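Reader: I have a structure open beside its sequence and would like to learn how to read it. Could you take me through it step by step?

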Amino acid sequence: MAFDSLNEFLQMGGHAPYVWAAWCVTAALMVGAVLHARFERRSLLRDLKRRERRAMSELSRNEVNEA
Amino acid sequence: MWAFIHKLGSPKWFYGISARMQPWFWIAAVLLIAVGSVWGLAFAPADYQQGNSFRIIYVHVPAAFLAQSIFVGLAVSGLVFLVWKIKVADMAAAVMAPLGAAMTFIALFSGAVWGVPTWGTWWMWDARLTSMLILLFLYLGVIALRGAFSSRDSGSRAASVLAMVGVINIPIIKYSVDWWYTLHQPASFTLTSRPSMPVDMWWPLLLMVLGFYCFFIALTLMRTRNEILRREASKRWVRDLAREEG
C-alpha cells in the first residue's frame with residue numbers, strides 16, 4: 001500500500017484533481033461505450049422481432065383471404 | 001488461406017464465432033483492468049519526482065496505444081474491404097472509428113491534466129501533442145466522411161481511403177519524440193527492453209495495456225455483431241434468429 005489512510009489515498013498527495021479527473025473521464029467513457037453497445041443490441045433485436053411479427057401476421061392474413 | 005478469409009468475411013459465420021469469443025475477452029478485460037487499477041492507484045509506489053500525479057500514466061498510456069492501434073486497424077480493414085469486398089471488414093471499421101476517437105480524446109485529456117502539475121502547462125504545440133491532435137481530427141474526418149454519402153457503399157469506400165492515407169500519421173506520432181525536441185518524454189514503456197521504471201510501477205501498466213486491448217476487442221466484436229443485425233436485417237438467417245429469440 002502506498003497510502004496510510006483512505007483520506008490520503010483520495011488526496012493523492014495534493015494531486016487529487018488531476019489524477020481523479022483523468023481516471024473518471026476514462027472510466028465514464030469506457031462504461032458509457034459498453035452501455036451504449038448493450039442498448040444498441042437490445043433495440044436492434046426488438047426492431048427485428050417487431051418486423052418479423054408483422055411479416056408473420058401479414059402472411060397468415062393473406063392465407064385466410066385466399067381460403 | 002483464401003477460403004479462411006472468405007469464411008471470416010461471411011457475416012453469418014462471424015456472428016456465430018464472435019458470440020463464442022466475446023465472453024472471454026470481456027472477462028479478461030474486466031479482470032486485467034480491475035487488478036491493474038487497484039495496483040496502479042493504491043499499491044504502486046509514488047514517483048520520486050512526480051509524486052502521485054504519475055498515476056495518470058495507467059490510463060494515459062493504454063489509451064494512447066489503443067488510439068494508434070485502432071487507426072492502423074481502420075487502415076487494414078479499409079484495405080481488406082476495398083481489395084476483397086469483405087463486408088465484415090467495413091462493419092468493423094465503422095464501429096472501431098468512434099472508439100478510436102474516444103481513446104484519442106482520453107489520451108489528450110489525461111495528458112493535458114497531467115501536464116499541469118508536471119510541466120506547468122496543459123498544452124504545448126510540440127510534435128507529439130500536435131500529431132495526436134491531428135489523429136483526433138483524422139478520426140472525426142473518417143466518421144464524418146462515412147456518413148456524408150447517400151449510398152452506404154460510397155461512404156465506406158471514402159472512409160477506407162481516408163483511413164489508408166491518414167495512417168501515415170501513426171509513424172509520425174510514434175517517432176515524433178525521437179525526431180524532434182519535444183516536451184513529451186520518449187517511450188518509457190516497451191516490451192522489448194528492460195523497463196525504465198521500477199517493476200512495481202511497470203506491472204500494473206502492463207496489465208492496464210493488456211486490459212484495454214481486451215476491452216477494445218470485446219467491444220468491437222459486440223458492436224460489429226450489432227452492425228451485422230442492422231445491415232443484414234432482411235437476410236433469411238437474421239430473420240430466423242429474430243423469430244427464434246422472440
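**A buried residue and its surroundings**

Author: Val19(A) is buried, because 26 other C-beta atoms lie within 10 Å of its own; a residue is called buried if 20 or more other C-beta atoms lie within 10 Å of its own, exposed if 12 or fewer, and partly exposed in between, with C-beta atoms placed from the backbone. This is a predicted model, in which local features need pLDDT of at least 70 and side-chain atom pairs count only at pLDDT 80 or more, while totals for chains, interfaces and linings use all residues. Residues are numbered from 1 along each chain as its sequence is written, and chains are lettered from A and ligands numbered from 1 in the order in which they are written.

Reader: Which residues does Val19(A) touch, not counting residues up to four places away in sequence?

Author: Two residues are in contact if their C-beta atoms, placed from the backbone, lie within 7 Å. With that limit on sequence distance, Val19(A) touches Met12(A) as well as Asn52(B), Ser53(B), Arg55(B) and Ile56(B).

Reader: In which helix does Val19(A) lie, and what does that helix give to the side of chain A that touches chain B?

Author: Helices (H or I, at least four residues) and strands (E, at least two) are DSSP runs, numbered from the N terminus. Val19(A) lies in helix H2 of chain A. In all, 26 residues of chain A are in contact with 36 residues of chain B, and helix H2 (residues 16–66) of chain A gives the most to the side of chain A that touches chain B, with 19 residues.

Reader: What is the radius of gyration of chain A?

Author: The radius of gyration is taken over C-alpha atoms, and the globule rule is 2.2 Å times the number of residues to the power 0.38. A compact globule of 67 residues would come out near 11 Å, whereas chain A has 26 Å. Its C-alpha trace spans about 80 × 20 × 15 Å along the principal axes, its secondary structure comes to two helices and zero strands, and 16% of its 67 residues count as buried.

Reader: Where on helix H6 of chain B do the buried residues fall?

Author: The arc is that of the directions from the helix axis to the C-beta atoms. The buried residues of H6(B) are Ser156(B), Ala159(B), Ser160(B), Ala163(B) and Gly166(B); seen down the axis of H6(B), they fall within an arc of 140°, so they line one face of the helix. The face turned away from the buried side of H6(B) carries the exposed residues Asp153(B) and Val165(B).
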